There are 2 protein chains.
Amino acid sequence: MKRGSAPTMKDVAREAGVALGTVSKVFNNGSVGEEYRQRVLEAAKRLGYQVNSYARGLKTNRTYAVAVVLPNIINPFFSVLAQNLCQALTKRGYRMFLSITDFDPEAEQRYIHMAQQNQVDGIIGLTYNPDLQVADKVPFVSFDRYVSPDVPCVASDNFGGGQLAAKKLVELGCKRLLFLRIGSTVAGESDKRRDGFEAFCRGMGVEHDTLYLRDSDGYGPFRDFLQAHIHQGRLDYDGIFCCTDVLTLEIQKMLSELEVHVPQDVQLIGFDGTAIHMGREPDCSTIVQPIPLLAETCVDILLKEDKSDLPSLICLPVSYAPGGTTRDGA
Amino acid sequence: MKRGSAPTMKDVAREAGVALGTVSKVFNNGSVGEEYRQRVLEAAKRLGYQVNSYARGLKTNRTYAVAVVLPNIINPFFSVLAQNLCQALTKRGYRMFLSITDFDPEAEQRYIHMAQQNQVDGIIGLTYNPDLQVADKVPFVSFDRYVSPDVPCVASDNFGGGQLAAKKLVELGCKRLLFLRIGSTVAGESDKRRDGFEAFCRGMGVEHDTLYLRDSDGYGPFRDFLQAHIHQGRLDYDGIFCCTDVLTLEIQKMLSELEVHVPQDVQLIGFDGTAIHMGREPDCSTIVQPIPLLAETCVDILLKEDKSDLPSLICLPVSYAPGGTTRDGA
DNA sequence: TTGTAAGCGTTATCAC
DNA sequence: GTGATAACGCTTACAA
């Protein structure tokens with residue numbers, strides 16, 4: 001053993017007085033005589049030996065590492081997702097190598113490239129690059145976004161969630177509904193929240209409007225819209241479905257400034273339910289995404305050996321949770 | 001090139017009609033004739049070649065990967081820290097491999113082991129295992145916790161922060177102060193928040209009390225304590241320093257239920273200021289930890305070539321930010 | 001400047 | 001069941 005550098009299998013073999021191959025077998029659950037196995041294990045412990053996973057990876061082409069590419073982990077939804085992905089991977093003996101893109105399409109592409117170069121066993125990505133190039137050499141699962149026909153996409157049942165939100169509001173007595181959304185210009189699964197909402201309203205003949213903003217617009221237009229729809233102190237709408245919980249809180253704040261009372265004058269339902277997965281009470285009444293299940297599903301699909309019959313879209317069920325912004329007691 | 005598997009340098013060499021070593025030099029900025037370089041680059045592009053970093057790592061013993069070990073990334077402080085660490089590492093050409101311990105000392109030890117086995121170039125850990133074993137083979141930087149004499153620890157100036165909080169409250173007119181803390185039983189740098197607070201109060205002759213809970217106690221005792229210290233509708237204290245912003249919000253909620261008004265009747269200062277690093281308004285008046293700087297510092301120290309003159313504790317400066325729970329306008 | 005060849009620490013294939 | 005030996009894809013002397 002060269003001084004200063006870590007011990008290798010060779011060192012262990014010499015220390016234990018066995019052949020190199022025998023040591024390898026011990027660390028790979030091969031069949032080895034019990035006496036030899038003990039000798040090897042003891043020698044390894046004496047030397048403080050650890051398998052060099054890079055050498056192993058070079059040989060086996062499996063690295064037990066998965067790259068996760070996310071816009072950030074500051075947004076609670078992303079951080080809870082990241083945490084659940086990490087745990088799901090760990091449970092299966094994989095390590096998570098995390099990249100933060102800050103919504104930059106070029107960074108997304110760069111990280112995907114890097115990940116491939118680093119021989120990861122797979123990539124899970126939540127990306128906004130409409131023409132993302134992903135080599136089909138390494139398995140890829142996309143979260144909430146369609147990438148290409150052979151890239152499976154995992155998402156919540158956004159359409160169903162939109163329907164559910166509208167249905168709940170109607171059940172809670174609302175007569176005139178509003179859908180509020182702010183987000184990326186890039187098309188994604190979550191756009192279907194609106195589709196589901198409108199489908200339900202149309203189907204039931206419920207009056208409804210929609211305000212659809214892009215991130216760059218900021219919240220200002222929401223305030224203007226709400227203000228313009230207050231007549232004699234009353235808001236024209238008695239039920240609002242917001243595309244995220246974060247937006248719901250923001251709208252609630254605006255309404256409070258406009259002296260419209262939640263949930264007496266108007267009831268609010270958001271989307272995500274992240275707080276629930278953080279062990280907290282929900283911040284608002286909301287459609288809950290099954291984040292732990294989403295994470296497990298991403299990982300399962302990614303690591304599935306048989307890539308032949310991959311579905312191209314997997315929608316997971318959402319649920320409703322009251323949280324103070326509707327008139328169904330928490 | 002064997003069909004189905006990725007192209008290697010050998011394939012590129014053959015395709016370009018040059019020797020293997022030449023290809024290697026091209027990808028390592030060695031000196032290669034311009035004509036050869038072009039030939040190699042083109043051949044590489046044609047084949048879609050990417051350097052296999054595992055093979056490279058095996059040879060060079062540098063993997064450009066750093067393990068980050070955190071209790072979770074759901075707590076906003078940790079998630080902002082993780083994000084900043086990730087960015088600091090990326091900036092320097094390193095990848096972040098994240099482990100979530102959920103405060104489990106055994107998991108901490110396990111991940112440290114794993115990280116070493118995976119030949120990372122270093123480990124940054126925020127751990128609660130009082131007798132963590134970390135091989136001195138791989139560089140380790142500890143966040144907020146003393147591990148051993150030769151493991152550098154990076155933390156905010158918690159003592160100074162405690163003093164600053166007390167000083168601010170006194171400047172804002174408080175006469176009788178209270179320090180509230182809940183946290184781990186494991187000793188850490190953040191315990192010094194109390195020390196600094198008390199040192200200031202003693203030095204200035206300010207009346208003060210302290211309530212020091214462990215996580216397992218829950219928030220209940222705080223409520224009892226506050227209730228017991230309300231006489232004729234007035235709280236005995238007019239200034240409270242809470243050990244985190246999360247606790248501050250919790251206390252604020254309790255006080256509101258007890259009909260004590262913040263900041264009129266009592267002023268609150270928290271610790272962390274995480275919201276500021278998320279681009280939000282602070283949730284409460286607070287002592288702000290310089291999270292981006294903390295992350296940069298961890299990474300700088302970890303990757304420092306010359307390990308000879310490592311300080312054992314690096315304290316970074318904190319600052320005060322008003323946020324509505326004190327009587328200095330936001 | 002370019003090519004050759006010897007490893008890096010494993011795993012895997014064989015003879016034994 | 002055990003032990004040589006040849007890869008794996010790359011870097012790096014060293015020779016040409």
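Reply: The structure holds 2 cavities of 30 Å³ or more. A cavity here is a set of points, on a 1 Å grid over the protein atoms alone, where a 1.4 Å probe fits but cannot get out, and lining residues have an atom within 4 Å of a point. Grid points are joined across faces, edges and corners, and a volume is the space filled by probe spheres set on the points. This is a predicted model, in which local features need pLDDT of at least 70 and side-chain atom pairs count only at pLDDT 80 or more, while totals for chains, interfaces and linings use all residues. Residues are numbered from 1 along each chain as its sequence is written, chains are lettered from A and ligands numbered from 1 in the order in which they are written, and side-chain values use heavy atoms, with hydrogens and water left out.

The largest cavity has a volume of about 110 Å³. Its lining has 13 residues, of which A:Ala65, A:Arg95, A:Phe97, B:Arg95 and B:Phe97 are the closest to the centre. Strand E2 (95-100) of chain A and strand E2 (95-100) of chain B each supply at least two residues of this lining; strands (E, at least two residues) and helices (H or I, at least four) are DSSP runs, numbered from the N terminus. The largest share, 3 residues, comes from E2(A). By class, the lining of the largest cavity divides into 9 nonpolar, 2 polar and 2 charged residues, where Ala, Val, Leu, Ile, Met, Phe, Trp, Tyr, Cys and Pro count as nonpolar, Asp, Glu, Lys and Arg as charged, and the others, Gly among them, as polar.

The second largest cavity has a volume of about 40 Å³. Chain A contributes A:Phe97, A:Leu98, A:Ser99, A:Tyr111 and A:Met114 to its lining, and chain B contributes B:Cys86, B:Thr90, B:Tyr94, B:Arg95 and B:Met96. Two or more residues of this lining come from each of E2 and helix H6 (105-117) of chain A, and from each of helix H5 (76-91) and E2 of chain B. E2(A) gives the most, with 3 residues. The lining of the second largest cavity comprises 7 nonpolar, 2 polar and 1 charged residues.

In chain A, helix H5 (residues 76-91) packs against helix H12 (residues 291-303) at an angle of about 50 degrees, with their axes 8 Å apart. Axes are lines fitted to C-alpha atoms, for helices over the stretch in contact, and angles run from 0 to 180 degrees between N-to-C directions. H5(A) is therefore oblique to H12(A); angles under 35 degrees count as roughly parallel, over 145 as roughly antiparallel, 65 to 115 as roughly perpendicular and the rest as oblique. Residues in contact (heavy atoms within 4.5 Å) include A:Phe77, A:Val80 and A:Leu81 in H5(A), and A:Ile291, A:Pro292 and A:Ala295 in H12(A). This contact has 11 nonpolar, 1 polar and 2 charged residues.

A:Gln119, in the loop between H6 and strand E3 (122-125) of chain A, has a positive phi of about 55 degrees although it is not a glycine. B:Phe103, in the loop between E2 and helix H6 (105-117) of chain B, is a residue other than glycine with a positive phi, near 70 degrees.

Notes
On a 1 Å grid over the protein atoms alone, a cavity is a set of points where a 1.4 Å probe fits but cannot get out, and a pocket is an open set with protein on both sides within 12 Å along at least five of seven lines; lining residues have an atom within 4 Å of a point.
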